[in-house]
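Hi there,

Here is the structure I promised to pass on to you. Have a look at it first, and then read my notes below with the model open beside them.

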Amino acid sequence: MDRLLLLFSLAPVMKGFIAMSISGAIFPLCGVMVLRLNLVPMRYMLMHGVILGGAIAMALNVPLLPVTITVNLLLVFMMLMMTNDGSGRNFGGTSAATMVLSMALASLIMHVADVPAKDTLDLLWGSPFALSLLDIAALCSLALILLLYVILNFKNIKNLFFSKEISMSLGIKVRLHNAVMVILIASVVAVAMKLLGAFLIDSLLILPVMCAAPFLKKFNRNGIRALFIGSSVTGFILSVAGYVIAVAADFPPAGTIAVLAGIVFFIGRIIK
Amino acid sequence: MLKIFASGRQIFYSESKWLHPIFEFESFLETYDGPRDNLTAWDSAIGKAAAVLLMRLGVCQMHGELVSELAVKYVTSQLGEGKISWDTLVDRLMCQTESQLENLTDSDEMYYLLRQRAKLVLGVPLSIKNLCYKYGKINDLSLEVPSGGRIMILGENGTGKTTLLRLICGIYRPDSGSILIDGKPVKQLEKYTIGYIPQLSELQEEQNFDLTVEEVVGLGCQTHNRQQRKAAVEAAMRRTGCENLAGRKFSVLSGGEKQKVSLARCLAQKAKLLLLDEPTANLDKDNRRMVIDILHSLSISEIPTIIMVTHDKELTSLKKWSVFNLGEQNG
């Protein structure tokens, strides 16, 4: 216990803890959007966008996080323009094309600017211990924006989840909300990549939602509000518990959180 | 002047003009929880319209200073002899309402007409002028629907019936022409004015992370007060008989249940313009009847403007609906 307290007194560990607590509680809200709006293929594209951002940042020798967020936003805008109605209905095909395009561009940039491929691919493994204060500030701001967006627009979000056409008939600005949600997801993916890496990003976004769902059903708490709250609570518990275990046992936090989430998910499936 | 008595005790009084005191009494009854049996009315003038309305509200004995023969005939045919008395009996009251109702016998239809005349309808007018769209037979289409009007749009497959509904609710933009709802283009319309019920096949959403029936019914509910919202949702669900489905996921419901929930959603929303796309398609006989009954009840109580696309011949049993045949009447 003393050793654990000593470890948490170290700035990188404490910063990581704060980051994981906040992102664990808030980022699953994006996971609900990803799953409910069928944006899973787009998430893969955004992960590849981070690789492209990483290549650009290293080639230009500039900070990684703002560049990866910017690249993801540009990719999202490109996709919104390609899907002419902006409804996100055709994101599957365009995501695949954009994913290939971003990897191709990343490989060209790495070749032209002589960026070591290994350094860029290191982005696939994030680390909550390597966060700067600027990263934490960006994460907190993003979490706050996401939380406020969900709270203030909860009714519109519910309508969009139910039917985009009915939402349009009600006078809800579907294109605007769709764009805002996709931009938030793009930003969250970029930040989460830095925390947990590309391979385990889903343990922050998707798995808390998947873990919460069977338990909510078991306790007869159906509905979107319950899903948002349940995912948030589950994400927070998984992140904090996984991080503490990782620090105590000297395991990699990303893997520990993902394994923990996986165990809870399978328990949930058995219960279901 | 109208006075209403319950078991001899006066419970309501109004000096408003025309039929308005009776409509005020109708509103009063919504919150009145005293005895309702043995209601009697004293009115300064009772024509057929007043007689129809008073009887709908449960009045079983009425007296008028001036009463028309038409009113006496109607009350006698419905309640029997001696249920209406007068100081002066005239052949007919000199007003348009009396003439309008003279040959009508259906109480619902008369009630609908009277509310429309009194402008006590939820509906808003729709005006379509020279509408053109690239799909279907929507070419120079013009259509006027008054506040609280009810219209059935018929037509062969591919004529653009669904497209027309989507144009009205702003999902598609017309190539040319105009659509005005309550005098405004769709984009400038107050939020939650339109209640759109698309075809069932378009609501077969994925079953994961779905909304509950209660959430779906509350989607268009405009009040921010949680209790009022809950009350409105519950009332709408009771009205369409889906209160037992409240906690269930929408996507697992049967076709008929989904239509009940969709209608409840529009009721809770207090939609002023109701757009229904094949509301009875793929439903069995009982569920079709249920949808028809709810639509009938809606069209004579709240009276939104209703535009319904259908292939269903049984829906023509909804009396007094205008019919617009797309592909024949425009162009």
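**Two helices side by side**

In chain A, helices α4(A) and α6(A) count as roughly parallel to each other, because angles under 35 degrees are put in that class. The angle here is about 20 degrees, and the two axes lie 8 Å apart. Please keep in mind that this is a predicted model. To find the pair, look for residues 40-60 (α4) and residues 91-112 (α6) of chain A.

Which residues make the contact between α4(A) and α6(A)? On the α4(A) side they include A:Tyr44, A:His48, A:Leu52 and A:Ile56, while α6(A) brings, among others, A:Phe91, A:Ser95, A:Met99 and A:Ile109. Sorted by class, the contact of α4(A) with α6(A) has 17 nonpolar residues, 6 polar ones and no charged ones. As for handedness, α4(A) passes α6(A) in a left-handed crossing.

**Where the chains meet**

How many residues does each chain bring to the contact? Chain A gives 20 residues and chain B gives 21. On the side of chain A that touches chain B, the helices α3 (28-36), α9 (154-162), α10 (164-169) and α14 (224-249) each supply at least two residues. That side of chain A is made up of 10 nonpolar, 7 polar and 3 charged residues.

**Chain B and its sheets**

Chain B holds 10 helices and 14 strands. Its C-alpha trace spans about 65 × 50 × 40 Å along the principal axes.

One is an open sheet of 5 strands with mixed pairing, in the order β2-β1-β3-β4-β5. Its edges are β2 (9-14) and β5 (84-90); each has a single partner strand, so one side of each is left without a neighbour in the sheet. On average, neighbouring strands of this sheet are turned by 15 degrees against each other, direction ignored. Inside it, β3(B) and β4(B) run parallel and are joined by 7 bridges, and B:Trp42 stands opposite B:His63 in β4(B).

The other is an open sheet of 4 strands, ordered β7-β6-β9-β10, with antiparallel pairing. Here β7 (141-145) and β10 (184-185) of chain B stand at the edges. Strand β9(B), residues 176-181, runs antiparallel to β10(B) and is joined to it by 2 bridges.

Enjoy exploring!

Note on methods:
Residues are numbered from 1 along each chain as its sequence is written. Chains are lettered from A and ligands numbered from 1 in the order in which they are written. This is a predicted model: local features need pLDDT of at least 70, side-chain atom pairs count only at pLDDT 80 or more; totals for chains, interfaces and linings use all residues. Axes are lines fitted to C-alpha atoms, for helices over the stretch in contact, and angles run from 0 to 180 degrees between N-to-C directions. Angles under 35 degrees count as roughly parallel, over 145 as roughly antiparallel, 65 to 115 as roughly perpendicular and the rest as oblique. A crossing is left-handed if the near helix is turned anticlockwise from the far one by less than a right angle, and right-handed if clockwise. Two residues are in contact if their C-beta atoms, placed from the backbone, lie within 7 Å. Ala, Val, Leu, Ile, Met, Phe, Trp, Tyr, Cys and Pro count as nonpolar, Asp, Glu, Lys and Arg as charged, and the others, Gly among them, as polar. Two strands pair if DSSP finds at least two bridges between them.
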